[in-house]
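User: I am new to this structure and would like to go through it step by step. Please begin with the terms I will need.

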Amino acid sequence: MKTNEQLQRDVMDELKWDPLIAASEIGVSAKDGVITLSGYVDSYSKKYAAEKAAKRVEGVIAVAEDIEVRFSKAGRRDDTAIAETILNAFKWSTLVPESKLKVKVDEGWVTLEGTVDWQFQKDAAYKAVRDIAGVKSVVNAITLKPRLEKIDIEKSIRQALHRRATVNADSIRVRTEGGKVILNGRASTWNERREVEKAVWSSPGVSEVEDNIAITAL
């Protein structure tokens, strides 16, 4: 297992490697596999990229993110302009069912609401908003109401996990309660755990995921 100093250094190197991030803006501390990120950035997309970069590092089991978005005068936008840009982004995306969604913007803090059939639609709405100038934070409160299909959800998930080369399917336990999927077991990295979640959300009929997978760093 990596020492705190090794893990901190690896995360800092990963931040330097990401072209979107100015590593000097981000403070990094490490303790027992938990990374804490702090500092100030001038866009929400940079904040998101920093968290994603930290999760890519082997040995990271959790990320505490304390980065604040601060805009320069030139970077500030009023809420109406942000909302209009978001609605236009939805119209241009073939993955976002714009008619089913509502957008609220309060001092740059965006809340997405509504109901969709698939997790990828919820994810697409978030991605469409994430990189818009003037956005400080995004709360994705979109809910899932999948179409009812006669399908063995648990069986389809197990098959999907076994198809993925990046996932050790034998280490994952899957249980279903209607449209809710409960995951237990172990993953060796944060990315492997994320791959399991993506496979589960891609299965038809899934409306909720309880992820109890533990990350056991080598």
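Analyst: A residue is called buried when its relative accessible area is under 20%, exposed when over 50%, and partly exposed in between. The model is a predicted one.

User: Is aspartate 18 buried or exposed?
Analyst: Aspartate 18 is found in the loop between α1 and β1. Its relative accessible area is 12%. The cut-off for burial is under 20%, so aspartate 18 is buried.

User: Which residues is aspartate 18 in contact with, leaving aside its neighbours within four places in sequence?
Analyst: Contact requires heavy atoms within 4.5 Å. With the neighbours within four places in sequence left aside, the contacts of aspartate 18 are Ala49, Ala53 and Arg56.

User: How far apart in space are aspartate 79 and glycine 108, C-alpha to C-alpha?
Analyst: Leaving aside neighbours within four places in sequence, aspartate 79 is in contact with Val105, Asp106, Glu107 and Gly108. In sequence, aspartate 79 and glycine 108 are 29 residues apart. In space, their C-alpha atoms are separated by 6.2 Å.

User: Which strands are at the edges of the sheet?
Analyst: The open sheet has three strands in the order β1-β2-β3, with mixed pairing. An edge strand here pairs on one side only. The edge strands are β1 (26-31) and β3 (62-69).

User: In what sense do β1 and β2 pair?
Analyst: The two strands form a hairpin with two residues between them, and aspartate 32 in the turn has a positive phi of about 55°. Valine 28 has leucine 37 in β2 as its bridge partner. Over six bridges, the pairing of β1 and β2 is antiparallel.

User: In what sense do β2 and β3 pair?
Analyst: Isoleucine 35 stands opposite valine 63 in β3. Glycine 39 has isoleucine 67 in β3 as its bridge partner. Strand β2, residues 34-41, joins β3 over eight bridges, and the sense is parallel.

User: What angle does the direction of α2 make with that of β3?
Analyst: Helix α1 (residues 4-17) packs on the sheet and touches β1 and β2, at about 150° to the direction of β1. α2 also packs on the sheet, where it touches β1, β2 and β3. The direction of α2 makes an angle with that of β3 of about 160°.

User: Which residues are closest to the centre of the largest pocket?
Analyst: The largest pocket holds about 1200 Å³ of space. Its lining has 29 residues. The closest to the centre are Tyr48, Asp123, Tyr126, Arg194 and Glu197.

User: How many charged residues are in the lining of the largest pocket?
Analyst: At least two lining residues come from each of α2 (44-56), α4 (119-130), β6 (137-140) and α6 (190-201). By class, the lining has 10 nonpolar and four polar residues. The number of charged residues is 15.

Methods: Residues are numbered from 1 along each chain as its sequence is written. This is a predicted model: local features need pLDDT of at least 70, side-chain atom pairs count only at pLDDT 80 or more; totals for chains, interfaces and linings use all residues. Side-chain values use heavy atoms; hydrogens and water are left out. On a 1 Å grid over the protein atoms alone, a cavity is a set of points where a 1.4 Å probe fits but cannot get out, and a pocket is an open set with protein on both sides within 12 Å along at least five of seven lines; lining residues have an atom within 4 Å of a point. Grid points are joined across faces, edges and corners, and a volume is the space filled by probe spheres set on the points. Helices (H or I, at least four residues) and strands (E, at least two) are DSSP runs, numbered from the N terminus. Ala, Val, Leu, Ile, Met, Phe, Trp, Tyr, Cys and Pro count as nonpolar, Asp, Glu, Lys and Arg as charged, and the others, Gly among them, as polar. Two strands pair if DSSP finds at least two bridges between them. Axes are lines fitted to C-alpha atoms, for helices over the stretch in contact, and angles run from 0 to 180 degrees between N-to-C directions. Buried means under 20% relative accessible area, exposed over 50%, partly exposed in between (1.4 Å probe, protein chains only).
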